[in-house]
Amino acid sequence: MCDDAITLCPLLRRNLEIFKARLGAPANADVIVRRFRSGAFESALLAIDGMTDAKEVDENILKPCMELAETEGEHVPPSERVGFLMEHAVSILPMKMKENIDELIADALSGQCVLLSEGCAVACVMDTRGFEKRTIGRPEAEKVVLGPHESFTESIRTNITLLRRIVQREELVTEFVSAGGKMKTRCALLYLRGTADEEMIARIRERLLGCSYDFALTTGEVEQLVEEHPLSLIPQCVRTERPDRAASFLAEGQVVVLTDGSPAALGAPSTVFHQLHTPDDSSMRWQYGTFLRLVRLIGVLLHLFLPGAYLAILRFHQELLSPMLLTSVYETSSRVPTPVYLEALLMTLAFDLISEASLRAPGEMGNALGIVSGLILGQSAVSADIVSPLLLIVVAASGLGGFCVPDYGLSVGLKLIQLVLLTAGAVGGLYLMALIALCLLCALCAMRSVGSPLTAPLTPRRPGNPDILLRLPLRFQKARAFFAKHQETDRRG
């Protein structure tokens, strides 16, 4: 059967039959096959309706080819006819010669045009994408007070342009990789040649190309292909929607992965400290950035340990509270019918429910929904003696600490760890909480991100800038990250 062919053949009619059979034409109305006379031979153009810029195709491909004289190209060997048209007629800049049918179909489905000629077993792919796309807007999840206010869009070409506008270096390399099985997703690997480790680049490329799933359409699904520990609650790649932050990843020797159709970028390898930093830390003076990082760290610790510590102290370590405070707590808790563990669990889940509902509510309704729901539910629960006032304060303070986590994926993972520590505090007190926290910390130290330690440069100790928790002045920020190519201590350590 003709549709089983792998490469093009010299017969134009047979090649078009293959494309029509694979794409379901003429039943598939989106498939456009335009045959025309181009000088002394016949040619054809394959495109997908709505994915290409029709004006650019007409002005720069069809019209110049059809205006060739009837004798133009009659002495050109048939195998070089497509090259002749590209040299004497077509005025499209991005182009590539291909002969693999699967690749040509994938290019056509992505919005590019495929030019074929009679007697030529090679086709030319031209980038004429012209589908509608969202304009560059403001970041939604990574808002900053200082610094740029641009965010990535769903167009991978626009995102690459945003990065190249910031990183204007000849070492910046862009590689396109198709991830997924039956439904290919175009990804772009960007890195600085000579800075990023080549072994790390090869590892990421191999994992994307070795995808056995039918499709991986979003950045989150691509992240699951790159990560090494799928059962971990901590992300192993750092995600950002800001081009300036992605540019900083490139400068540190990381690989940035862009996914077509997704307004976010992945930085790999990463450390857990990358997920706790914000662009504001670098945009302001080092004293201010350090202070905000300390506030953020306190918020994370409150989010993780405060509810569990509250239960542990009430049940096992009452001696840690003053008699007056302990009497007040027992007095308010005596009117609550539910056990204190169930009370804390329900209030924690209720806070997460309000947070999720306010996030998913349309428009400005989300902010009002979160405020009103928190006030009404909290006041009503205390008035009805369903929860104690002190527990409500504990849960609210813990929830506010969770909002200090800048990475959304990390914040969800910390919520799950919070529930584990909450149960540990109710079952075994502070000792069991400390034991589980130690086990989680050991597991975190053993994790790696694309072969790089997730907790470095603290453990294992690696050379790097003084920019982990304390951010010192820029005059001390001269070293590249430890996973950059020129650092060999990571392999010997």
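In the predicted model, Ala 179 stands opposite Thr 185 of strand E7. This pair belongs to an antiparallel arrangement: strand E6, residues 172-179, and E7 are joined in that sense over eight bridges. E7 also pairs with strand E9, which spans residues 255-259. That pairing is again antiparallel and runs over four bridges. Within it, Leu 189 is placed opposite Val 257 of E9.

E7 covers residues 185-192 and is mostly covered. Eight of its eight residues are buried. In a regular strand, side chains alternate between the two faces of the sheet. Both faces of E7 are covered. Thr 185, Cys 187, Leu 189 and Tyr 191 are buried on one side. Arg 186, Ala 188, Leu 190 and Leu 192 are buried on the other.

A nonpolar patch lies on the surface. It is formed by Trp 286, Leu 294, Leu 297, Leu 301, Phe 305, Leu 469, Leu 470, Leu 472 and Phe 476. Together these residues have about 730 Å² of accessible area. Leu 294, one of the patch residues, lies in helix H10, residues 286-315. Leu 294 is partly exposed, with a relative accessible area of 34%. Patch residues need over 30%, so Leu 294 passes this cut-off at 34%.

Confidence was examined last. The protein chain has an average pLDDT of 84, and 93% of the residues score at least 70. Over residues 487-493 the pLDDT is below 50. In the model, this stretch has 12 contacts beyond near neighbours in sequence. Where pLDDT is low, the predicted coordinates should not be read in detail.

How values were computed. Residues are numbered from 1 along each chain as its sequence is written. This is a predicted model: local features need pLDDT of at least 70, side-chain atom pairs count only at pLDDT 80 or more; totals for chains, interfaces and linings use all residues. Side-chain values use heavy atoms; hydrogens and water are left out. Buried means under 20% relative accessible area, exposed over 50%, partly exposed in between (1.4 Å probe, protein chains only). Helices (H or I, at least four residues) and strands (E, at least two) are DSSP runs, numbered from the N terminus. Two strands pair if DSSP finds at least two bridges between them. Patches are made of residues with over 30% relative accessible area and no salt bridge: like charges are joined within 9 Å, nonpolar side chains (Val, Leu, Ile, Met, Phe, Trp, Tyr) within 5 Å. Accessible areas come from the Shrake-Rupley method with a 1.4 Å probe; for residues, only the protein chains shown count as cover. A salt bridge is a side-chain nitrogen of Lys or Arg within 4 Å of a carboxyl oxygen of Asp or Glu. pLDDT is the predictor's confidence in each residue, from 0 to 100. Contact means heavy atoms within 4.5 Å.
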